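This briefing describes a single protein chain for use in computational work. Please read it alongside the sequence and coordinates shown here.

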Amino acid sequence: MAPKERSGSQPRTFSRDPDAFAEPSHRVEEWRFTPYRRLGGLLTGEPATGELGATVSATGARSERIPMTDPRVGRALVPSDKVTALAMAASPDALLVAVPADEPDALVTIEVKGAGGLAYAHLVIDVGHHARATVVLDHVGSGTFGASVEVVVGDGADVTVVSLQDWADDAVHAGAHAGLVGRDARYRHVVATLGGNLVRLVPTVKYAGPGGDAELYGLTFTDAGQHHEHRMFIDHEAPQCRSRVTYKSALQGELHNDAHAVWIGDVLIRASAVGTDTYEINRNLVLSDGARADSVPNLEIETGEVVGAGHASATGRFDDDALFYLMSRGIDADVARRLVVRSFFAEVLAAIPVEEVRDRVAAAVDEELERFHAPEAASVARA
């Protein structure tokens, strides 16, 4: 399969053929931040040695296994890197979750559980026109996984996908999450990455017609020894479409660069995408000296006829003034610190529509904070 070149000053290769891509290297832009040697067999597409089970609970939707040669595979996702292409080639089949047209309120929960070893998985979410659906992906367990997701949002549909990466500390997960947004459709994609030794996700959005609306949210809590990387690409080709990206990370490590969070936000507005309205923002809260955050927003515009286009990025230390303010009103230092971090994540937490998932993510953030006491909090407490 021949590679597909995108326009722009940084042409991208999109192909299901692994040979269309260069080998991962720190001299290659898409791999320059990634400790790719941790990916193990995902770099070569080795045969699976482990299991990656999927338990589906659904109302208003059906699920089935389909071959990777099925025409419903690859409509939204065409790999943009070698590891994703190798994973698609090695996946034995795909799990299809189909929501019929005009379904008023589908709810799907998929627990993806690793049982060790190397495993592959591919998920296709196909939502019919004018349907409304919420899909929760819950990744747990241990192992090394090449697992990708593609979401086809029908015309006029409203779809929210929440992906929780709550892996064990030794897990490795590389994959792409691709959304194809139909005419006048709404697509929300929420990522909460908490666990894993290495998690590298590539969320992308394309528009199948005018009037599409996409919102991408991300919450990352990166602890000692973890590398969490999220690389967005939003391709505005259709006119009168909207996109918003809001990603926030908190980091705490013990040694130099012990905890590493990477966010890349690429937005391309093509000449045909008149009337585009887009904005992306990334915020990183560094809780200790042993943490590093890399944030790279990129915006490329090929037409002057846009409603709005912008981006913002900031990385900063824990707010001692906010902590002192709360403590001066009788709030314990640990509780005050938790409130500040919870407030930092509030916007992303509010985007999770399922209450029990939202509460679980908030509780996980609190647990991470309880396991680590930053010097800043101790110094303020002594003052």
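Helix α4 spans residues 355-370, and its 16 residues reach 23 Å from the first C-alpha to the last, close to the 22 Å expected at 1.5 Å a residue (the expected span being 1.5 Å times one less than the number of residues). The model is predicted: local features need pLDDT of at least 70, side-chain atom pairs count only at pLDDT 80 or more, and totals for chains, interfaces and linings use all residues. Residues are numbered from 1 along each chain as its sequence is written, and side-chain values use heavy atoms, with hydrogens and water left out.

**Helix α4 and its packing**
- The buried residues of α4 are Val357, Val361, Ala362, Ala364, Val365, Asp366, Glu368 and Leu369 (buried means under 20% relative accessible area, exposed over 50% and partly exposed in between, with a 1.4 Å probe and protein chains only).
- These buried residues pack against β7 (132-153), β8 (158-165), β10, β12 (213-222) and α3 (333-349), where contact means heavy atoms within 4.5 Å.
- An α-helix has 3.6 residues a turn, so residues three or four places apart point the same way.

**Overall architecture**
- The chain contains five helices and 18 strands (DSSP runs numbered from the N terminus, with helices being H or I of at least four residues and strands E of at least two).
- With a radius of gyration of 20 Å, close to the 21 Å that the globule rule gives for 383 residues, the chain is as compact as a globular protein of that length (the radius is taken over C-alpha atoms, and the rule is 2.2 Å times the number of residues to the power 0.38).
- Along the principal axes, the C-alpha atoms fill a box of roughly 65 × 50 × 45 Å.
- Of the 383 residues in the chain, 57% are buried.
- Among contacts with a separation of 6 or more, 85% involve residues 24 or more positions apart.

**Val202 in strand β11**
- Val202 belongs to strand β11 (residues 198-207) and counts as buried because its relative accessibility is 8%.
- Leaving aside neighbours within four places in sequence, Val202 contacts Ser80, Asp81, Gly175, Ala176, His177 and Arg231.
- Val202 and Glu280 are 78 residues apart along the chain, and their C-alpha atoms are separated by 15 Å.

**Positive phi values**
- Asp184 is not a glycine, yet has a positive phi of about 55 degrees; Asp184 lies in the loop between β9 (172-181) and β10 (186-193).
- Gln240, also a residue other than glycine, has a positive phi near 60 degrees; Gln240 lies in the loop between β13 (227-236) and β14 (242-251).
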